[in-house]
Amino acid sequence: MSIIKTEQLCYVYGENTPFRKEAVKNVSIEINSGETVGIIGHTGSGKSTLIQHFNGLLKPSSGRVLVGGEDINADKKSLKRARFTVGLVFQYPEYQLFEETVGKDIAFGPKNMGLDSAEIDRRVRHYAELVGLDAELLSRSPFELSGGQKRRAAIAGVMAMQPKALILDEPASGLDPQGRERIFEIIKRYREENDSAIVVVSHSMEDIARISDRILVMDRGEVFCFDTPPKVFSRSRELEAIGLSVPQVTRIFMRLREMGFDLPEDVYTVKYAAEVLKDKCNDRF
Ligand SMILES: Nc1ncnc2c1ncn2[C@@H]1O[C@H](COP(=O)(O)OP(=O)(O)OP(=O)(O)O)[C@@H](O)[C@H]1O
Ligand SMILES: [Mg+2]
């Protein structure tokens with residue numbers, strides 16, 4: 001069964017004002033437990049607006065959001081359950097650390113869930129370890145941490161609620177390649193431990209291609225396509241037409257095909273590209 005489902009979801013900012021903006025239009029999608037979904041789209045295409053519906057931070061202008069089959073906006077109890085089932089990590093979450101110690105910050109969510117103190121303590125230690133923060137940092141002020149450490153502490157705080165769906169808005173933005181890699185490793189570990197659904201919004205087609213089981217491409221508030229990476233990247237020409245850069249290796253293969261080489265359309269990782277080229281060479285010699 002899907003963990004998150006939207007039915008004809010629409011969201012309008014500034015209704016009845018001159019600034020009215022239909023940011024999400026008729027989005028009907030299902031996200032399954034255990035899968036990693038990458039969301040990509042031009043700036044302003046509605047990615048952040050859409051994901052804020054998944055745990056009820058925004059209420060649909062029309063349409064419904066179901067979590068575990070339950071309409072999360074049906075009543076207060078449903079909404080509260082959704083807040084614990086779906087964990088949302090905002091863009092630049094490090095700006096939202098506010099407790100006096102890192103440990104208290106990570107404990108904030110689990111505490112709100114009403115867990116006992118032994119369990120809270122266990123989770124704080126476990127998720128600090130998972131994101132690579134030494135136990136000695138737990139008693140420090142968040143302000144003593146580096147930027148990367150702060151980001152990881154904020155992510156640990158959401159993970160400590162053990163959400164069945166973990167949603168992250170541009171989790172690696174502003175980090176160097178090593179920092180980015182680290183964030184994606186952490187997300188992968190969380191998924192492996194919890195069999196949760198993971199939803200990652202990113203501007204980087206390379207990152208999305210690498211981590212996603214399925215990719216949701218948004219275009220001006222609407223779903224452009226929602227499919228497996230090979231299917232999505234076989235439409236590279238159309239993706240470029242809506243202003244998305246496809247992975248570099250996909251672009252190279254597109255050009256080679258235009259030059260007359262007989263190559264598949266769905267090459268989107270360097271690893272697969274190498275395999276294809278090796279096979280081609282073996283065929284020839
Ligand atoms: N608080 C707001 N008030 C009014 N309009 C908004 C608000 N937030 C977003 N919008 C508008 O809604 C549309 C969708 O914005 P959204 O932030 O969801 O896009 P996005 O795909 O996340 O973009 P980005 O890649 O830049 O993060 C845009 O046209 C944006 O200007
Ligand atoms: Mg956004």
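The structure is a predicted model, in which local features need pLDDT of at least 70 and side-chain atom pairs count only at pLDDT 80 or more, while totals for chains, interfaces and linings use all residues. Residues are numbered from 1 along each chain as its sequence is written, chains are lettered from A and ligands numbered from 1 in the order in which they are written, and side-chain values use heavy atoms, leaving out hydrogens and water.

**Helix 10**

- Helix 10 spans residues 248-258, and V249, T250, F253 and M254 are buried in it; helices are DSSP runs of H or I with at least four residues, strands are runs of E with at least two, and both are numbered from the N terminus.
- These four lie on the same side of helix 10 because they cover an arc of only 145° around the axis, the arc being that of the directions from the helix axis to the C-beta atoms.
- Just after helix 10, G260 takes a positive phi of about 105°.

- An open sheet is formed by 6 strands in the order 6-7-8-3-9-10, with mixed pairing; two strands pair if DSSP finds at least two bridges between them.
- Strand 6 (86-89) and strand 10 (222-227) are the edge strands, each pairing on one side only.
- From one strand to the next, the twist averages 15°, with axes fitted as lines to C-alpha atoms, for helices over the stretch in contact, and angles running from 0 to 180 degrees between N-to-C directions.
- Strand 6 and strand 7 (residues 165-169) run parallel and are joined by 4 bridges, and the bridge partner of G87 in strand 7 is L166.

**Helices across the sheet**

- Helix 2 (residues 76-85) lies across strand 6 and strand 7 and runs at about 60° to strand 6.
- Helix 5 (residues 147-159) also lies across strand 6 and strand 7, running at about 170° to strand 6.

**The two domains**

- The protein chain is divided into domain 1 (1-89 + 164-179 + 186-229) and domain 2 (96-162), with bounds that come from an automatic or database domain assignment.
- Taken over C-alpha atoms, the centres of domain 1 and domain 2 are separated by 24 Å.
- The contact, meaning heavy atoms within 4.5 Å, takes 18 residues from domain 1 and 14 residues from domain 2.

Notes:
Buried means under 20% relative accessible area, exposed over 50%, partly exposed in between (1.4 Å probe, protein chains only).
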